[in-house]
Amino acid sequence: MEHLRTQGISLPRLGLGTFRMQGDICRAAVESALGLGYRHVDTAEMYGNEDAVGAAIATSGIPRKELHITTKVWHENLAPDAIRRAFDASLNRLRLDHVDLYLVHWPSRNMNLPAIFETLLKLKQEGRTRAIGVANFNLALLKTAVEQIKAPIACNQVEYHVMLDQTKVAKYLAAKSIPLVAYAPLAQGRAASDETLISIGRKHGASAAQVALKWLLDQDSVAAIPKTSRAESQRANLDALKLKLDDKDRKAIAALPKDKRFVNPGFAPGWD
């Protein structure tokens, strides 16, 4: 598995997303993924599944140092004391003494970014998270965090797939050597039925979903966290890493409409 180096951590480029998976289904999905060779698991306090993820990790038998675990603080808990309480609760549910990456899940209109990053940095300095980062930050917010606050951001996690243009954010992150972690990388399942992707996949003996995923992972400094509870889909996503797209394939994918956003950015101020 290829990794991205960022802010002192090694981030596996393919991970397992767990949004909307809970309880036994989530636990079984994480157990399956870890058994197949996944080492990057993404969760969040808002998902309500950190306990299930933690249970799967605890019984996996995989050394902690081989795992990359990301979790996130919800936008309602961005005051410094609230961040600490949320972080403590997340660690407790995950049954871990540290996470590898702790993200601001969503920006909030009234957030105090300097205070947020000061608190996150303290958690990092205490060794309780190995790195810090953000999710759903637009270009303006990224510039504030990176250029004004000078926060050591290890990634920006955003919706990104063959149907959504993220060129501006991606270019900025690349220029700053900050990975983009793509959630909903298969356009919430829609990539699987796209005729262009199906045609490309047929040429390579692959599925449309595998084509969409490899298109992302062929880009410098991009990781992806497709969500699936089915072992066969988890295996197919791993197999996508072996796919070799050519220039004709990339040109056809570039011609697809790129204006489909499936996750409402909601309260993020000044979204562009």
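Buried here means under 20% relative accessible area. Keep that cut-off in mind for the first stop in this predicted model.

**Stop 1: His40.** Select His40, in strand 4 (residues 40–42). Its relative accessible area is 2%, so His40 counts as buried. A polar atom of the His40 side chain sits 2.9 Å from the backbone oxygen of Pro12. Next, bring up the surroundings, leaving aside neighbours within four places in sequence. His40 is in contact with Leu11, Pro12, Leu14, Gly15 and Leu16, and also with His68, Thr70 and Ile225.

**Stop 2: helix 1 and helix 9.** Select residues 23–36 for helix 1 and residues 231–239 for helix 9. Their axes come within 10 Å and cross at roughly 40°. That angle makes helix 1 oblique to helix 9. The crossing is right-handed. Show side chains at the contact. From helix 1, pick Ala29, Ser32, Ala33 and Leu36; they meet Ala231, Gln234, Arg235 and Leu238 of helix 9. Colour this contact by class: 5 residues are nonpolar, 2 polar and 1 charged.

**Stop 3: helix 2 and helix 3.** Move to residues 50–60, helix 2, and residues 80–94, helix 3. Here the axes lie 7 Å apart, at an angle of about 40°. Helix 2 and helix 3 are therefore oblique to each other. On the helix 2 side, select Glu50, Asp51, Val53 and Gly54; on the helix 3 side, Ser90, Arg93 and Leu94. Colour by class again: this contact has 3 charged, 2 polar and 2 nonpolar residues.

Methods:
Residues are numbered from 1 along each chain as its sequence is written. This is a predicted model: local features need pLDDT of at least 70, side-chain atom pairs count only at pLDDT 80 or more; totals for chains, interfaces and linings use all residues. Side-chain values use heavy atoms; hydrogens and water are left out. Helices (H or I, at least four residues) and strands (E, at least two) are DSSP runs, numbered from the N terminus. Buried means under 20% relative accessible area, exposed over 50%, partly exposed in between (1.4 Å probe, protein chains only). A polar contact is a pair of N or O atoms within 3.5 Å; within protein, one must be able to donate a hydrogen and the other to accept it, and residues adjacent in sequence count only if both atoms are side-chain atoms. Contact means heavy atoms within 4.5 Å. Axes are lines fitted to C-alpha atoms, for helices over the stretch in contact, and angles run from 0 to 180 degrees between N-to-C directions. Angles under 35 degrees count as roughly parallel, over 145 as roughly antiparallel, 65 to 115 as roughly perpendicular and the rest as oblique. A crossing is left-handed if the near helix is turned anticlockwise from the far one by less than a right angle, and right-handed if clockwise. Ala, Val, Leu, Ile, Met, Phe, Trp, Tyr, Cys and Pro count as nonpolar, Asp, Glu, Lys and Arg as charged, and the others, Gly among them, as polar.
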